[in-house]
Amino acid sequence: MADSVRRVLEQMVPELEELERRGYFSRAEIKSIIQKRQDFEYDLQRRAALKSDFMRSIEYEKSLERLRVLRKKERNIVADDRGSSKSSSEYSIVRRTHRLYERMVRKFKGDLSLWNDWIQFCSASKSARYMSKALTRAMQLHPTCAAIWTYAAAWEFEHNHNATIARSLMQRGLRMCKNDPALWAEYFRMELLYAARLGARRQVLGLGDASLDEAT
């Protein structure tokens with residue numbers, strides 16, 4: 001276990017050094033972060049690691065990221081000396097948090113509340129790639145959970161502006177959750193929103209309402 005923990009910590013060093021160099025954390029704070037992460041890793045790599053072990057580590061990373069964001073504003077850290085406004089180190093804490101979520105749901109894949117927590121974090125951190133990964137895996141493992149299909153379809157419809165994929169996801173969800181009236185209601189609501197958007201777009205283009213039926 002010690003070797004495995006050491007490898008994890010070694011991978012963090014370059015990004016932590018970059019955070020120190022850019023003025024987010026002091027040398028003493030970096031040492032404290034490494035020590036805390038080491039303690040968490042030993043807990044997580046136990047054979048009998050608990051959900052609470054993962055959540056404590058995740059909450060620590062979230063608090064660390066909140067501090068980083070606050071200091072970026074207070075200390076006016078705008079760009080590094082290579083002209084990049086967002087270096088890899090700036091995303092490193094969020095990325096580590098996602099990886100902790102991945103490890104947690106892999107171990108406790110049946111707990112829907114953990115999947116929901118990860119999905120909410122993906123949304124809050126604007127992590128589109130991880131959102132796609134989380135939703136895809138959640139739908140595979142929990143195909144009869146209507147809420148997951150609804151959220152996945154809403155993500156495609158609202159965030160990716162892809163009504164075709166959103167409709168496909170809702171239809172797949174309805175096949176898996178045939179007796180869920182809430183899912184049917186959400187599907188109907190989404191189609192109404194889509195029709196309204198098409199109508200508004202045609203108005204802007206000066207096509208009028210007459211072409212609405214032709215297009216749909």
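**Labels and the values behind them**

Mentor: Start with the buried residues of H3: Asp53, Phe54, Ser57, Ile58, Tyr60, Glu61, Lys62, Leu64, Glu65, Arg68 and Arg71. Keep in mind that this is a predicted model.

Trainee: How do you know that the span of helix H3 agrees with its number of residues?
Mentor: Helix H3 covers residues 51-74, which is 24 residues.

Trainee: What follows H3?
Mentor: Asn76 does. Its phi is positive, near 55°.

Trainee: Which elements make up the protein chain?
Mentor: Ten helices and zero strands. From the N terminus on, the order is α-α-α-α-α-α-α-α-α-α.

Trainee: How does the radius of gyration of the protein chain compare with that of a compact globule of 216 residues?
Mentor: Such a globule would have a value near 17 Å. The protein chain has 22 Å. Along the principal axes, the C-alpha trace spans about 70 × 45 × 20 Å.

Trainee: How much of the chain is buried?
Mentor: Buried residues are 39% of the 216. The accessible surface is about 12,600 Å², and 54% of that belongs to carbon and sulfur atoms.

Trainee: What share of the contacts join residues at least 24 apart?
Mentor: 60%, counted among contacts between residues at least 6 apart in sequence.

Trainee: How far apart are the mean positions of the positive and negative charges?
Mentor: 3 Å. The protein chain has 40 positive and 29 negative charges.

Trainee: Now to single residues. Why is Arg96 called buried?
Mentor: Buried means under 20% relative accessible area. Arg96 has 11%, so Arg96 counts as buried. Its place is in helix H4 (residues 88-107).

Trainee: Which residues is Arg96 in contact with, leaving aside neighbours within four places in sequence?
Mentor: Val8, Met12, Arg37, Glu41, Ser57 and Glu61. Ser57 and Glu61 are also among the buried residues of H3.

Trainee: Glu102 lies in helix H4 too. What makes Glu102 buried?
Mentor: Its relative accessibility is 17%. The cut-off is 20%, and buried lies under it. Therefore Glu102 counts as buried. Leaving aside neighbours within four places, Glu102 is in contact with Trp118, Tyr130 and Lys133.

Trainee: Where is Asp111, and why is Asp111 called buried?
Mentor: Asp111 is in the loop between H4 and H5. Its relative accessibility is 17%, so Asp111 counts as buried. The C-alpha atoms of Asp111 and Ala182 are separated by 22 Å, and the two residues are 71 apart along the chain.

Trainee: Is Pro14 buried or exposed, and how do you know?
Mentor: Exposed means over 50%. Pro14 has 52% relative accessibility, so Pro14 counts as exposed. Its place is in helix H1. Arg27 is 13 residues from Pro14 along the chain, with 13 Å between their C-alpha atoms.

Trainee: Next, the loop between H5 and H6 (128-141). What can be said about phi of Lys126 there?
Mentor: Phi of Lys126 is near 55°. That is a positive value in a residue other than glycine. Lys126 has 75% relative accessibility, so Lys126 counts as exposed.

Trainee: Ser127 lies in the loop between H5 and H6 as well. Buried or exposed?
Mentor: Buried. Its relative accessibility is 3%, and therefore Ser127 counts as buried.

Trainee: What does Ser127 touch, not counting residues up to four places away in sequence?
Mentor: Tyr91, Val94, His98 and Cys122. Ser127 and Val94 are 33 residues apart in sequence and 8.8 Å apart in space, C-alpha to C-alpha.

Trainee: Last one. Where is His161, and why is His161 called exposed?
Mentor: His161 has its place in the loop between H7 (146-159) and H8 (163-176). Its relative accessibility is 63%, so His161 counts as exposed. Phi of His161 is near 55°, a positive value in a residue other than glycine.

Key: Residues are numbered from 1 along each chain as its sequence is written. This is a predicted model: local features need pLDDT of at least 70, side-chain atom pairs count only at pLDDT 80 or more; totals for chains, interfaces and linings use all residues. Side-chain values use heavy atoms; hydrogens and water are left out. Helices (H or I, at least four residues) and strands (E, at least two) are DSSP runs, numbered from the N terminus. The radius of gyration is taken over C-alpha atoms; the globule rule is 2.2 Å times the number of residues to the power 0.38. Buried means under 20% relative accessible area, exposed over 50%, partly exposed in between (1.4 Å probe, protein chains only). Contact means heavy atoms within 4.5 Å. Accessible areas come from the Shrake-Rupley method with a 1.4 Å probe; for residues, only the protein chains shown count as cover. Lys and Arg count as positive and Asp and Glu as negative; His and the chain ends are not counted. The place of a charge is taken as NZ of Lys, CZ of Arg, CG of Asp or CD of Glu. The expected span of a helix is 1.5 Å times one less than its number of residues.
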